[in-house]
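Good morning, everyone. Please have the sequence and the structure open while I talk. I'll go region by region.

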Amino acid sequence: MQPINLPWLQRAGVQVAVLRLDLVDPELSGNKWFKLAHHLHAAHAAGAPGLISLGGPHSNHLHAMAAAAKRSGFVSVGLLRGNPRLTPTIEDLQGFGMQLHWLGYGGYRERHQPGFFTPWLERYPGYYCVPEGGGGLSGALGCAPLVAHVQEQLAALGWDDHDGWWLAAGTGTTLAGLVIGEAGQARRPVYGALAGPPSHGVAQEVCRLLKEAGIANDGYQLFDASRGGFGRFDEPLARFLFETEVAGLPLEPVYTAKAMMALRLHVERGYFAKGTRLIFIHTGGLQGRRAAQTQLDELLR
């Protein structure tokens, strides 16, 4: 847990501590380890020889899954968005031994269709299919213990409690996990900063997960932090990222920088009362920043 004391927080009298999940593991960074935990257990229980999932050429999820598979004795298969290309993430996936298949863009859009995995399971019989981003109820349940985990660390901050959570929302799985975890605690609100536009369906996915878990569909709010689209950067975001990094908190532009920038906007607009204490979850993803570094540098020239 890292307290941050940035000027915009000082002016508003709002306190923020960052749960540095990016420091959990150099390869299974951020929330990915928690999202994968139940999936790995289910794959072991089923006697699956391998794991199969999908993502983009900078996917934090595939990066973590390939590393976890290698450590756990599984073979791994990645279904990639777009056409063959080499990125730092792809090089890592190959190093972890993941078998890669490029679907193009049209083929990747078919991932939500019923039976999408059927031909792949014919090719890789018995493999365990991990949803995109490590999602599904299993992914959410893996994140629910974070609520108790943070509660155990508050005393070290000199806090007796906190007033809510703030995090980037990609698929909404981690957010749903926090809502599930809070259902057995104090029901602190969970604020999700959308990394993609609302049309990507995160609200519907969170609703589905909570219904599947038997949890009331409340206790959270979603805010559009996408700044024009998923994976899109601009000069103000790049400047904010570097300024925050100089202050001691490394971020990446797809998720965590957008989430922190959205938090600043809401703090400066008085959304939170003076004295509010928030937990910001650093969901990791710094490995994906490698491919974006040149673009970030150019935005600041």
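Let's start with the cysteines. A search of the whole structure finds zero disulfides. Take C207 as an example. C207 is in no disulfide, and the nearest cysteine sulfur, that of C143, is 18 Å away. A disulfide needs two cysteine sulfur atoms within 2.5 Å. One more thing on C207: its relative accessible area is 31%, so C207 counts as partly exposed. C129 is partly exposed as well, at 22%. Keep in mind that this is a predicted model.

Now the strands. Find β2, residues 15–20. Is this strand enclosed or open? Five of its six residues are buried, so β2 is largely enclosed by the rest of the structure. Which strands pair with β2? One is β1, residues 2–4. β1 and β2 are antiparallel, with three bridges between them. Within that pairing, Q2 has V18 of β2 as its bridge partner. Another is β10, residues 277–282. β2 and β10 run parallel, and six bridges join them. Look at L19 here: I281 in β10 stands opposite.

Here is a background point for strands. In a regular strand, side chains alternate between the two faces of the sheet.

Next, β4, residues 75–80. Five of the six residues are buried, so β4 too is largely enclosed by the rest of the structure. Its partner here is β3, residues 50–55. The two are parallel, with six bridges. L51 stands opposite S76 of β4.

Hold on to L51 for a moment. A148 sits in helix α8, residues 146–157. A relative accessible area of 32% makes A148 partly exposed.

Now compare that with another pair. G135 and L36 are 99 residues apart in sequence, yet 8.5 Å apart in space, C-alpha to C-alpha. Where is G135? Look in the loop between β6, residues 128–129, and α7, residues 136–143. Buried or exposed? G135 has a relative accessible area of 3%, so it is buried. The cut-off for buried is under 20%. What does G135 touch? Setting aside neighbours within four places in sequence, G135 is in contact with H39 and T173.

The buried ones are G136, L137, G139, A140, G142 and C143. What covers them? The cover includes α2 (32–45), α8, α9 (173–182) and α10 (202–213).

On to the nonpolar cores. A general point first: in soluble globular proteins, nonpolar side chains tend to be buried together. In this model, the largest nonpolar core has 34 residues. Which members touch the most others? W166, M260 and L263 do. α1 (7–12), β2, β7 (165–169), β8 (190–194), α11 (235–246), α12, β10 and α13 (289–299) each supply at least two residues. The largest share, seven residues, comes from α12.

Zoom in on M260. Not counting residues up to four places away in sequence, M260 touches I4, W8, V18, F240, L249, L251 and F280.

Last topic: aromatic rings. How many aromatic pairs are there? The count comes to 11. One of them is F223 with Y271. The arrangement is edge-to-face, 5.6 Å centre to centre, with 90° between the planes. This pair links distant parts of the chain, 48 residues apart. F223 is in β9, residues 220–224, while Y271 is in the loop between α12 (256–268) and β10. F223 is buried, at 13%. Y271 is partly exposed, at 36%.

That pair belongs to a cluster. W166, Y191, F223, Y271 and F272 form one aromatic cluster. Notice W166 again, from the list of core residues with the most contacts to other members.

R81 lies over the face of Y108, at 5.8 Å from the ring centre. That's my tour.

Definitions and conventions: Residues are numbered from 1 along each chain as its sequence is written. This is a predicted model: local features need pLDDT of at least 70, side-chain atom pairs count only at pLDDT 80 or more; totals for chains, interfaces and linings use all residues. Side-chain values use heavy atoms; hydrogens and water are left out. Buried means under 20% relative accessible area, exposed over 50%, partly exposed in between (1.4 Å probe, protein chains only). Helices (H or I, at least four residues) and strands (E, at least two) are DSSP runs, numbered from the N terminus. Two strands pair if DSSP finds at least two bridges between them. Rings of Phe, Tyr and Trp (its six-membered ring) pair if their centres lie within 6.5 Å; planes under 30 degrees apart count as stacked, over 60 as edge-to-face and the rest as tilted. A charge sits over a ring if NZ of Lys or CZ of Arg is within 6 Å of the ring centre and within 35 degrees of the ring normal. A nonpolar core is a set of buried Ala, Val, Leu, Ile, Met, Phe, Trp, Tyr and Cys residues joined through side-chain atoms within 4.5 Å. Contact means heavy atoms within 4.5 Å.
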